[in-house]
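Hi,

Here is the structure I promised to pass on. Have a look at it first, and then read my notes below.

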Amino acid sequence: MSTSATLTWPASPPATPEAALRDVVVRSVGRATPALAAAVGKGLGLPVEAVVRSVYRAPATLLQRVAPELAERLCELLNATGLEVQTVPEGQAVEAPPLWDAAAHVLDAHRLPEAAEALARFTGLSLAAAQEALLTPPGVVLGGVSAASIEALKASLPEGVVELVAVLPQDSRYALHLLPCAEMVARGVLEDVRKLGLEPLAREGIIAIDLAHQTAQALWQRHSRTGALRLIHTAFLRYTVSLHGPLQAFSPAQAALLTERAGVPAEMLPNVLAALQDVQTIGLHEDVPHAELPELMVAYAGVGLNVQADLSTFKRYTLELAQASDPAAAQRLLVQQAAWPAGQPLPSLPCHTAEPLSRPRARQLQALLDGLGCDAYLEEHHG
């Protein structure tokens with residue numbers, strides 16, 4: 001369907017070049033919302049879907065062949081609503097912009113409701129649906145929109161609460177995410193991956209990574225009808241990076257890197273060494289973006305440190321509830337957040353939540369428990 005919508009306006013044939021008909025072009029969604037875009041469509045007698053598409057894929061032609069004075073008045077009215085529009089000569093081509101996908105990574109779980117409210121206003125989603133998008137890894141919030149819309153969403157989100165990552169699908173690399181499914185379905189997907197000369201990374205979850213757009217699309221089209229396969233932009237993935245021991249001492253270069261990149265205070269380095277003798281593994285970084293991972297790994301390898309990166313986007317977590325000033329309130333919250341069975345009282349503290357959660361949901365629950373005066377700690381769920 002075309003991204004432009006045409007409306008015939010009454011106009012007398014122009015007597016001079018200055019009176020030539022004009023087109024009205026949306027340059028950016030600006031501060032507008034889907035509800036506003038829909039209202040504009042209804043007010044102008046245009047298909048609402050076409051208007052909304054034009055707004056979020058701007059620049060795009062909204063109106064064609066409009067009398068000059070009317071075009072200017074319309075632009076003045078629409079710009080006042082928060083849209084960014086302008087007039088151009090009739091028939092002037094508006095080049096369709098590249099369309100982007102975007103995901104949001106939650107940085108501050110305590111302020112997640114603010115981000116959800118902003119996302120709901122921008123996209124037209126309900127507040128519950130907007131929060132669900134932020135809490136469902138990998139946090140995809142926009143698809144098939146222009147760069148102008150990505151920037152407008154960034155500007156509308158509260159600062160420091162989420163980080164937006166945007167990619168062009170045709171230039172992206174992809175991971176294949178195999179959902180729980182029938183054995184026959186899984187076998188077919190895994191066999192097709194092997195036909196590409198790849199050994200599946202697992203039998204479920206992320207089974208392949210770093211695939212080109214064309215390859216990933218071919219696999220998805222072959223298996224999309226099953227609903228078992230998802231394509232995920234690798235740029236949306238996050239990793240944890242851990243240091244492995246044992247080590248007898250840190251060289252000056254190793255100590256400097258741990259201090260500068262991992263934020264380990266110099267006076268704590270002996271404690272890190274001691275811990276490595278005991279548990280053999282120390283976490284250094286959380287939520288490292290896929291794009292930043294290669295350089296980070298090379299930096300550690302360059303000074304002779306043995307580090308390992310593990311995909312954390314789809315890991316599951318429980319929370320250790322260490323103390324609660326009001327256990328009954330904590331229990332109600334846990335039940336509400338689907339982390340504890342309804343009707344089952346909490347045991348004596350400390351205890352662990354019964355249901356594993358995605359990392360964003362676990363961090364949100366931790367923030368909510370903190371608001372009740374509870375001490376809770378994330379622990380990776382194995383199983």
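This is a predicted model: local features need pLDDT of at least 70, side-chain atom pairs count only at pLDDT 80 or more; totals for chains, interfaces and linings use all residues.

Let me start with Pro89, which is partly exposed at a relative accessible area of 39%. Pro89 sits in strand β3, which covers residues 84–89. Leaving out residues up to four places away in sequence, Pro89 touches Leu21, Arg22 and Asp23. Leu36 is another matter: Pro89 and Leu36 are 53 residues apart in sequence and 26 Å apart in space, C-alpha to C-alpha.

The sheet that β3 belongs to is an open one of three strands, in the order β2-β1-β3, with antiparallel pairing. From one strand to the next, the twist averages 25°. Strand β1 (residues 22–28) pairs with β3 in the antiparallel sense over six bridges, and Asp23 has Val88 in β3 as its bridge partner.

There is also an open sheet of three strands with the order β5-β4-β6, and the pairing there is antiparallel too. The edge strands are β5 (140–145) and β6 (162–167), each pairing on one side only. Here the twist averages 20° from one strand to the next. Four bridges link β4 (residues 100–106) and β5 in the antiparallel sense, with Ala102 standing opposite Leu142 in β5. Helix α6 (residues 147–156) packs on this sheet and touches β4, β5 and β6. The direction of α6 makes about 150° with that of β5.

Now for a helix pair. The axes of α4 (residues 112–123) and α5 (residues 127–135) come within 8 Å and cross at roughly 115°, and the crossing is right-handed. On the α4 side, the contact is made by Leu112, Ala115, Ala116, Glu117, Leu119 and Ala120. From α5 come Leu127, Ala130, Gln131, Ala133, Leu134 and Leu135.

Which residues of α8 are buried? In this helix (residues 213–223), they include Ala216, Leu219 and His223. Seen down the axis of α8, the buried residues fall within an arc of 65°, so they line one face of the helix. The buried residues of α8 pack against β7 (173–178), α7 (183–195), β8 (205–212) and β9 (229–233). On the face turned away from the buried side, α8 carries the exposed residues Gln214 and Gln221.

Last, the cysteines. How many disulfides does the structure hold? The count is zero. As for individual residues, Cys75 counts as buried at 4% relative accessibility, while Cys181 is partly exposed, with a relative accessible area of 32%.

Cheers

Technical notes: Residues are numbered from 1 along each chain as its sequence is written. Side-chain values use heavy atoms; hydrogens and water are left out. Helices (H or I, at least four residues) and strands (E, at least two) are DSSP runs, numbered from the N terminus. Buried means under 20% relative accessible area, exposed over 50%, partly exposed in between (1.4 Å probe, protein chains only). Contact means heavy atoms within 4.5 Å. Two strands pair if DSSP finds at least two bridges between them. Axes are lines fitted to C-alpha atoms, for helices over the stretch in contact, and angles run from 0 to 180 degrees between N-to-C directions. The arc is that of the directions from the helix axis to the C-beta atoms. A disulfide is a pair of cysteine sulfur atoms within 2.5 Å. A crossing is left-handed if the near helix is turned anticlockwise from the far one by less than a right angle, and right-handed if clockwise.
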